[in-house]
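Please keep the structure in view while reading.

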Amino acid sequence: MTRPKIFITRIIPDLGLNLVKEHYLPDIWTHDLPPSRDELIARSRGVDGLLCLLTEKADGELMDAIGPQLKVISNMAVGVDNIDVPAATARGIPVGNTPGVLTDATADQAFALMLSAARRIVEADRFLKAGKWVTWHPSLLLGADFAGSTLGIVGFGRIGQAVAKRAQGFDMRVLYHSPNAPPAYGAQPVDMDTLLRESDFVSVHVPLKPETKHLVNAEFLSKMKPNAVLVNTARGGVLDQNALYHALKSNQIFAAALDVTDPEPLSLDSPLLELENCIIVPHLGSASKKTRDMMSLLAAQNLVAGLKGERLPNCVNPEVYKASS
Ligand code: DGY
């Protein structure tokens, strides 16, 4: 029997990598920067299993270039917007992701950003380091209160709920908008207009899909309160950055904090970078050591299961199994 071929598109944490190496001899992209499109196609051609990151676009063209022997695509991320899942399903290829293990880290990041934007932490740090701190002053760098404020969560899946759980500890009233999601952690379901009208903080937790592209647009922002803070730890494409720039520049809303942008990395020409009331960090929602270890493990488990012809422990297109059973 020939040994299955595998391409892993970056050096992932040892916890996952060692599991793959126990079974196989993977080809690994060892550079810090992702492979270019041509390099991705060239290195993946003929593999049985692909383990990729959210920086790689796995579309039908790539799947066809790889060939009909491809048994599994394992994404080391919970979001799979970089993968054309219907194209994989049409070819009978299961796609794996890494849900659950990054819920707390991402909710922590949303909360950290919310606090930082509300209390102007980044601006205050820059102020101090620029030598501008001359005395304590009653109106120096005033921000927004958490206790007694209202948090609106858009998308009430695992991460949205974990944010609601944290908000309880801050004595916040929590609203959410998410079709069919039952209430949890004292959060109250409302329509989107109510959420935007009543929330002092709006945190976005929806996957990027055609129907959520630019969900946060000029109209959405115009319905928010002037004191409101917007936080996005979901995907950059969910937000119209041009509309956000105008809303922040004209003080239509108080502040924004973004963990994700479109594109990534954000161009240094982006006008958002000029704004004092906009915090932007480089897609770090899941960036804790333990979380990344666990993501690598889940990604490796999906890869190994797919190569063995077993059901992936975390499969985003389980309908591929119905077709063959
Ligand atoms: C994911 O897993 O989708 C996250 O965005 C990675 O941080």
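On a 1 Å grid over the protein atoms alone, a pocket is an open set of points with protein on both sides within 12 Å along at least five of seven lines, and its lining residues have an atom within 4 Å of a point. The model is predicted, with local features needing pLDDT of at least 70 and side-chain atom pairs pLDDT 80 or more, while totals for chains, interfaces and linings use all residues. Residues are numbered from 1 along each chain as its sequence is written, and side-chain values use heavy atoms, leaving out hydrogens and water.

The lining of the second largest pocket includes Arg119, Trp136, His137 and Asp145. By class, this lining has 8 nonpolar, 2 polar and 2 charged residues, where Ala, Val, Leu, Ile, Met, Phe, Trp, Tyr, Cys and Pro count as nonpolar, Asp, Glu, Lys and Arg as charged, and the others, Gly among them, as polar.

The table gives polar contacts, that is, pairs of N or O atoms within 3.5 Å.

| Residue | Atom of the residue | Distance to a ligand oxygen atom |
|---|---|---|
| Val78 | backbone N or O | 2.7 Å |
| Arg235 | polar side-chain atom | 2.7 Å |
| Ser286 | polar side-chain atom | 2.7 Å |

Taken alone the ligand exposes 230 Å², of which the protein buries 92%, with accessible areas from the Shrake-Rupley method with a 1.4 Å probe.

How many disulfides does a search of the whole structure find? The search finds 0, a disulfide being a pair of cysteine sulfur atoms within 2.5 Å. The sulfur of Cys52 has its closest cysteine sulfur in Cys315, 14 Å away, and is therefore too far for a bond.

Key. On a 1 Å grid over the protein atoms alone, a cavity is a set of points where a 1.4 Å probe fits but cannot get out, and a pocket is an open set with protein on both sides within 12 Å along at least five of seven lines; lining residues have an atom within 4 Å of a point. A polar contact is a pair of N or O atoms within 3.5 Å; within protein, one must be able to donate a hydrogen and the other to accept it, and residues adjacent in sequence count only if both atoms are side-chain atoms.
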